[in-house]
Amino acid sequence: MELPVISNAAPEEASGGGCSSSGCGTAPDALSHLPDHIRAKVQDHPCYSEEAHHYFARMHVAVAPACNIQCNYCNRKYDCSNESRPGVVSELLTPDQAIKKVLAVAAEIPQMTVLGIAGPGDPLANPARTFETFEQLSEKAPDIKLCVSTNGLSLPQYVDEIAKHNIDHVTITINCVDPEVGAKIYPWIYWNNKRIFGIEGAKILIEQQQKGLEMLTSRGILVKVNSVLIPGVNDEHLKEVSKIVKAKGAFLHNVMPLIAEPEHGTYYGIMEQPEPTPEQLQDLQDACAGDMAMMRHCRQCRADAVGLLGEDRGDEFTMDKIDVMDVDYEAAMVRRKEVHDSIIEKLEAQRGHTKPKPQGIPEGSRPVLMAVAGKNGLVAEHFGHAKEFLIYEASPDGVRFISHRKTELYCGGMDSCGEGDEEPDSLLDRNIKVLEGCEVVLCSKIGFEPWGKLEAAGIAPNGEHAMEPIEEAVMAVYKEIAATGRLLPSTDSLKVA
């Protein structure tokens, strides 16, 4: 079997590595565990708040091409507009181009509040490009929050620079705290002008990550830790990682599933390293949640993502389109403030409403997972149009967000959903497989064929709560199931007609 070539070029030339693995999103209950001063900083941040991400948008600018480590799960690629994963970009930008793009996006999408640099390499392996971008943004767009994601190898030497530019949110990707585990994830690092391999390289990386984490938190800079869940490599070990990063001051831990599809050209992909199942991911997140506030709906965004989480409007803002735009950012800031104030008022009203414990649920009832084709907090997507499903758990304690699961677009139009697709391994069958473990799927509308196949798979389709708030719809269905007596431990698995 031919393996991917691992370059021995210096960082500015390296073509592999560099996953800061930016990813976003957390559930409201995770934020509630944070100290007041931290929660106040992140509760309106679309990349940290599950509430806020329905209303506020973010963008990444791809100004950092070089990387100083090689990750077995990473293959940075350019001009890959159809891929949504860390390290993929369509256009590499200069700092000046990045500023022009940010101003255009912020004027066109007033909900955009956060600008992050997350690749496609490592921002701190490209310090001149990264900090020039941040410096110009602080001057020209002072109403935008700044974030940076890094693998942490060069972090300690740039903490002062990060503080200087008022970057108060930093993400560090920490996949291990044991060099022997690290050697299975990182073939090499580039350190002090030479390439260091195996356990020795992993040891240096871990030491730098932990040192950088401590330096940032000692200055009051908020740190989120990303970890990639790699079955058989660091799955059990991540519980220890979660404990350690919490003890050193990280405020959130985001455990993301490994992406190892062979077509992406990564070492893990070509070597057929298994990806974690949704159940494995949830079990690990739940196990870590006792020690650390956990993020649950990371989208593993591209390094040039634009828009709300779960959408990507990057193709609307290519440089050729931006070059002909007439942007008046002074006027845009006035409009942006009006939009932000309106959204914050709505969020504050929601937060001021205490949700009562659901009534009418028999004591001892089991929880139920439901998949939702949602948009903007509502059950608002046609089953065949959904590119992802939001997974919620309903229980006697209420409704909580669990994760999202990506699917392939099944419906090409209202009159052609699934026509002619009768192969056993069809697109529809694959999407239904993604929803395994869920007992109900809620959507605004669903066709006859998927309805029948979902029922055959033991998943109850439900289109009766279209355009309702997601949590209200999920609880309503849970109460309907409870009324049938099928939630008690002694009953069979749910089968709803």
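## A charge over a ring

R195 sits over the face of W188, 3.7 Å from the ring centre; the criterion asks for NZ of Lys or CZ of Arg within 6 Å of the ring centre and within 35 degrees of the ring normal. A word on the ground rules: this is a predicted model, in which local features need pLDDT of at least 70, side-chain atom pairs count only at pLDDT 80 or more, and totals for chains, interfaces and linings use all residues. Residues are numbered from 1 along each chain as its sequence is written, and side-chain values use heavy atoms, with hydrogens and water left out.

## Aromatic pairs

Searching the whole structure turns up five aromatic pairs, meaning rings of Phe, Tyr and Trp (its six-membered ring) with centres within 6.5 Å; planes under 30 degrees apart are stacked, over 60 edge-to-face, and the rest tilted. One of them joins F131 and Y158, a tilted pair at 5.9 Å centre to centre with 40° between the planes. F131 belongs to helix α4 (residues 127-140) and Y158 to helix α5 (residues 155-164), so this pair ties together parts 27 residues apart in sequence; helices here are DSSP runs of H or I, at least four residues, numbered from the N terminus. Both F131 and Y158 are buried, that is, under 20% relative accessible area, with exposed over 50% and partly exposed in between (1.4 Å probe, protein chains only).

Y267 and Y268 also make a tilted pair, because their ring centres are 6.3 Å apart and their planes at 55°. Y267 is partly exposed at 31% relative accessibility, whereas Y268 is buried at 4%. Ring pairs also link F131, F134 and Y158 into a cluster.

## Cysteines

The disulfide count is zero, taking a pair of cysteine sulfur atoms within 2.5 Å as the rule. C74 is buried at 4% relative accessibility, and C147 is buried at 9%.

Notes:
Helices (H or I, at least four residues) and strands (E, at least two) are DSSP runs, numbered from the N terminus.
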